[in-house]
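Please read them with the structure open beside you.

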Amino acid sequence: MDVEKMLVIAAIAGFCLGPARLATHTKQLTALLRQLRGWADTTKAQIEEQTGVDIDWSELDPRRYDPRRIIRDALTQPPTPHEPTAGPTALTHTAGPTNPRTGVNDDI
């Protein structure tokens, strides 16, 4: 979520709730988030204890499947030596000479 969106939501909440109730609701939200984080850590520890395997939770992060991130990573990383370079495609390479009258390859 963008910072601007969070500020708009906070401003609307402050206007609707008022300064006195906003403070109590903020404390309740903070306590809820801490409790959720504690439950997540406890669950993670139980799973690792019962399976005996250290799980790499970063592999399960759904944010890594964001198309914008995939494209950005692909464009910023240099190609590795084992990756073939891009060869001719249908748009850049034709199978043979085309018929000048029709503009179509006669072999097809």
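1. Of the 108 residues in the protein chain, 4% count as buried, where buried means under 20% relative accessible area, exposed over 50%, and partly exposed in between (1.4 Å probe, protein chains only). The accessible surface of the chain comes to about 10200 Å², and 62% of that belongs to carbon and sulfur atoms; these areas come from the Shrake-Rupley method with a 1.4 Å probe, and for residues only the protein chains shown count as cover.

2. Please keep in mind that this is a predicted model, in which local features need pLDDT of at least 70 and side-chain atom pairs count only at pLDDT 80 or more, while totals for chains, interfaces and linings use all residues. Residues are numbered from 1 along each chain as its sequence is written, and side-chain values use heavy atoms, with hydrogens and water left out.

3. The protein chain has 2 helices and 0 strands, both kinds of element being DSSP runs numbered from the N terminus (helices H or I, at least four residues; strands E, at least two). Helix α1 covers residues 3-51 and includes Leu36, which is partly exposed at a relative accessible area of 41%.

4. Leu36 also belongs to a nonpolar surface patch of about 500 Å², made together with Leu29, Leu32, Leu33 and Trp39. Patches are made of residues with over 30% relative accessible area and no salt bridge, with nonpolar side chains (Val, Leu, Ile, Met, Phe, Trp, Tyr) joined within 5 Å and like charges within 9 Å.

5. The structure holds 2 salt bridges, each defined as a side-chain nitrogen of Lys or Arg within 4 Å of a carboxyl oxygen of Asp or Glu. In one of them Asp66 pairs with Arg68, the closest N and O atoms being 3.4 Å apart; Asp66 counts as partly exposed at 26% relative accessibility, whereas Arg68 is exposed, with a relative accessible area of 64%.

6. Which side chain meets that of Arg69 in a salt bridge? The partner is Asp73, at 3.9 Å from N to O, and both residues lie in helix α2 (residues 67-76), 4 residues apart, which is about one turn of the helix. Arg69 is partly exposed at 34% relative accessibility, and Asp73 is likewise partly exposed, with a relative accessible area of 30%.
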